[in-house]
Amino acid sequence: MKKLIAGAILLGASTVTFAQPGCGVGAMIFKGQSGVAPHVLAATTNGTFGNQTFGMTSGTLGCNTNQSVQSMAMYMDSNVDKIARDMSRGEGENLDTLAVLLNIEPADRDTFRGLLQDNFASIFPSSETTSGEAVEAIVSLMEQNEALAKYVAA
Amino acid sequence: MRAPLCFALVLSGLAATTPTLATSELPLESIALERDWLNLGHYHADTLGSGFTSQADDNEFFLSPDGKHSPYAELVATLDAIQQPGTGDSHASCRFPARDQWLRQRLDLPDSQATCPAYQEWTDTLNTESVTLVFAASYLNSPSSMFGHTFIRLDPPSDDHTTDLLLANTISYAADAAAHDSEFLFAYKGIFGGYPGITTVQPYYEKIRLYSDIEHRDLWEYQLNLTPDEVDTMLAHAWEIQGRNFDYYFFDENCAYRLLAMIDIARPGTNLIDEVNTHAIPSDTVRWVVDKDLVANIHYRPSAATSISYSLDQLSEQQRTLAAAIAYGYVKVDGPELAQLEPQQRSSVLDATYDYIRYQSEADSWPREFAAPLSHQILVARSQIEQTDVPPTPPAPEIRDDQGHDTFRMSLSGGRWDDRNFAQLTLRPAYHDLLDPPEGYRQGAELEFLRLDLRYYTDNDELQLEHITGVSIRSLSPRNPFFSPLSWQVGFGGRRTDTGTERVLAPYLEGGAGGSWNLTSSLQAFAMATADLEVDDDFRRGYDAAPGADLGLLHQSRYASVLAGIKTKAWIVSSQHRQDQAYLNGNLHFGRSVSLFAEFTREHHYDRYRNLWQVGLHAYF
C-alpha cells in the first residue's frame, strides 16, 4: 500500500515543469514526442538488473554526443532491466523504443537487434554494469558496424 | 438536488436547438450559461439555489475575481482579456487557448493576434494525433485504486517509423497526497476532501512501470475516435488546467471524472458528465465512453504478473520445476539440467525464470545481492540462443472490465429465520462481491460500499434494518509454488447481533488474514483467521470481541458461483461462548444483469440451533 501512495505522490510531484539538468536541454526531448517528458523521477523500483546510477548531470557521455544517443541514454536509465531482457531475447517493445530513439530506419532494425543480442555479454559484462556504461558499449558497437554507424555519429 | 440540474439541462437543450439565432445578438448572460462554457469553466449547478460553482479550486484558473461562482463574470472578463492588444505567453489567449477558441467561434470574432511560444512548443512536442483512454484494472491492495484508475494517452501520428507508444505522453489527474499521511488519513481525506488534485503529464512507460510492473494491474487501452480538431481542443483545455488545483474526492470528483469533463469539452454534446450521479467508478466511466461510441479500437496490455503467470503455465511440469530451482538457486544456470534441453525449451525456461525473478524482486523484495548476479547469468545464457520464439503473450480476457456486471445492485428476496418469515430488500451502490458474476472482475476479490439490507417480518409486520455495510473488502488470492500472496478481509458497519435474548443492531468491525489455494481453475479453498468487534450497551461490558476462523470453498464461473464453509467465533469479553456457523451460498447467473441467489446458514449460538433460508433475485444496474 505504501508503494501505491508513493506512486500517487510522484504523480503529483512530477508535474511538467522540470529543471532539465546537464547539458543540452534539447537532448532531453525525445525526438518530437516529449518535450514534457519527465526523466528519472520514475517510481522507484527494486531493479533486478543493471545499476540505475547513470546521472544526467555527471553525464558520462559528455556534451558532444548526438541528441538521439542522449535520449536513448535517458530511456536506458529508467528501463535498464526491461531493455536488458529484450536485448537478450533479440526482440521486444523496449528494444524497439531504443531503435526509435536512435532514429534507426526499419530496414536496419534487424541488424540492430542482432548486434545487441550477439554482444549482450560485452554490453553488460556484469550485473553491476551501469546504464551509462551499457550506453557507451552500445555506441561503440554501433560505430564499428557499417550499417549502424551513421545513427551514432556525433 | 435534481431541480438545478434539470434547469441546466433545459438551458443547454435550448442552446442546442436554436443554432440559427444570430449569436452576436444573444446576450452574454445566456451564452455564459451554455453547456460548452460551463464545461470549460468546470461549472456545476449548485445543489441549493440557482447559482453555479466551478470545481476548480485555484484563483489562477479565473480571470474574474467572481469567476469561481459566476460563469457570466468569468465570460465577460475572458472576453475582455483575449481582446486586449499585446502578445506572448502571459496573454489571456495563450493562458486559455480553449476558451479563446470557443468564444471567438461563438461570437464570430477575428482570430487572436497573440502568439504563444510556450503553448506552441508544448503542443509541438506533444505531437498528438489521437487520444487513448487507458484504464488500469482495479487493485484491492491500494485504497486509492480499488475501483481502477483511468488516464489519457496522447498518441503521436502512427504513420512513420519514429512512432513509439511507450514514449507517448499521458495526462492524468490524481490526488496530491502528502508523503507523511498515513493510510487512514489518506482514505479519510480522499473521501471527505482535503487533497488537491493535480493534472500531470508523464510518458507512458512511467505509467506502465507503476501500474504494470509495480502494482501488477492489467491495462486496457481504448483509442478514442476524436477528430484532429477535437484532439486540439482537448489539448488546449489540458493546457488551461494543468497545474491548476481541483480538490480531489475519491467517489465523485476523481481521476475518471476529470477525464470525462475533458472529453465533453473535446467533443461538445457528448455530455458524459451527466452520467455521473453520486460516484464515478472508473470502470463505469469506461462503459459510458464505450456506450457513446467514442472508441475506435481496444488493446489489452497484460501486467507483469499476468504475463509471468501465463508463461509459467505454458511450461511443462518438469520445466516449471526447473525454473523454480534456478530462481531459488538450487540449479545453476550453466548446469547440465538446462544444457540438455532443446534451444527452444531452454529459452522458454530462461525467459520465464528471468521474469519471475524480476517479479519477485519487485513484489517480494528479493535481495539484490542474490537476484542481480543470477539475472545477469540468465540473460547472458539467453542471449546465446538465437532465433527462438519469445514468450507467448497472454490472450486478452474474453470479457473486459467495462463489460462486467453493472455495479449498482438491487435484490429482492424471501426467507425464513428460525421460525419467522421475512421479505428482504438489499441495495448496494457498489461494487462486486464474491458471488456476483465474476467476468470482468478479479477472481476472489470483493469490494462493497454502503450496502443496506432491510427486512420485513411478516409475523408481526415489523420492518427491521438487518445490516448496513460501510465497507466490506475481501481479497482471496490463490497461493502456489511460485506466488504466495496473503488473503485478507476487512469490514465495518452495523448488523443484527444476538445477545441471547434479542437481536440488536450493533456497530461492528471485522478483519481476517489467511491463505487461499486453487483446487481447479475456478475453485479455491481458503482458510482465514478472523477477529470481530461489536459494540452495544446490551452487552455486559458494552462491547464484545471474538477471535475466530473461517474455512471455505469458493467456486466462480460465468454460470454459477458458490461459497460454502464453516465459521467459528469465540466471544470472549462480555459473554463467553462460541458461535458456530455452516453456510452455503449459491448464485445462478443469467447473463450479467440478473442472478438468482439462495442462501442457507445453520448456526449454533447460545446452546441452540437456528436456520436461515433465503432465496431471491439480484438485478444489476
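This is a predicted model: local features need pLDDT of at least 70, side-chain atom pairs count only at pLDDT 80 or more; totals for chains, interfaces and linings use all residues.
The annotated span comes first. An unreviewed UniProt entry lists residues 31–105 of chain B as "domain: DUF7843".

Two packed helices are described by the angle between their axes and the distance between the axes. In chain B, helix α4 covers residues 71–82 and helix α6 covers residues 97–106. Their axes are 10 Å apart and meet at an angle of about 90°. Angles of 65 to 115 degrees count as roughly perpendicular, and α4(B) and α6(B) are therefore roughly perpendicular to each other. On the α4(B) side, the contact is formed by B:T78, B:L79 and B:I82. These residues meet B:R99, B:D100 and B:L103 of α6(B). By class, three residues in this contact are nonpolar, two are charged and one is polar.

In soluble globular proteins, nonpolar side chains tend to be buried together. In this model, the largest nonpolar core has 85 residues. B:L133, B:M234 and B:L259 have the most contacts inside this core. Helix α11 of chain B, residues 255–266, supplies the largest share, with ten residues. A second, separate core holds 55 residues. Among them are A:M72 and A:L102 from chain A, and B:I308 and B:L350 from chain B.

B:M234 has contacts beyond its sequence neighbours. With those within four places left aside, B:M234 is in contact with B:V131, B:L226, B:M262, B:I265 and B:A266.

Technical notes. Residues are numbered from 1 along each chain as its sequence is written. Chains are lettered from A and ligands numbered from 1 in the order in which they are written. Axes are lines fitted to C-alpha atoms, for helices over the stretch in contact, and angles run from 0 to 180 degrees between N-to-C directions. Helices (H or I, at least four residues) and strands (E, at least two) are DSSP runs, numbered from the N terminus. Angles under 35 degrees count as roughly parallel, over 145 as roughly antiparallel, 65 to 115 as roughly perpendicular and the rest as oblique. Two residues are in contact if their C-beta atoms, placed from the backbone, lie within 7 Å. Ala, Val, Leu, Ile, Met, Phe, Trp, Tyr, Cys and Pro count as nonpolar, Asp, Glu, Lys and Arg as charged, and the others, Gly among them, as polar. A nonpolar core is a set of buried Ala, Val, Leu, Ile, Met, Phe, Trp, Tyr and Cys residues joined through C-beta atoms within 7 Å. A residue is buried if 20 or more other C-beta atoms lie within 10 Å of its own, exposed if 12 or fewer, and partly exposed in between; C-beta atoms are placed from the backbone. UniProt positions are given in the numbering used here, feature names are shortened, and annotations may be inferred rather than shown by experiment.
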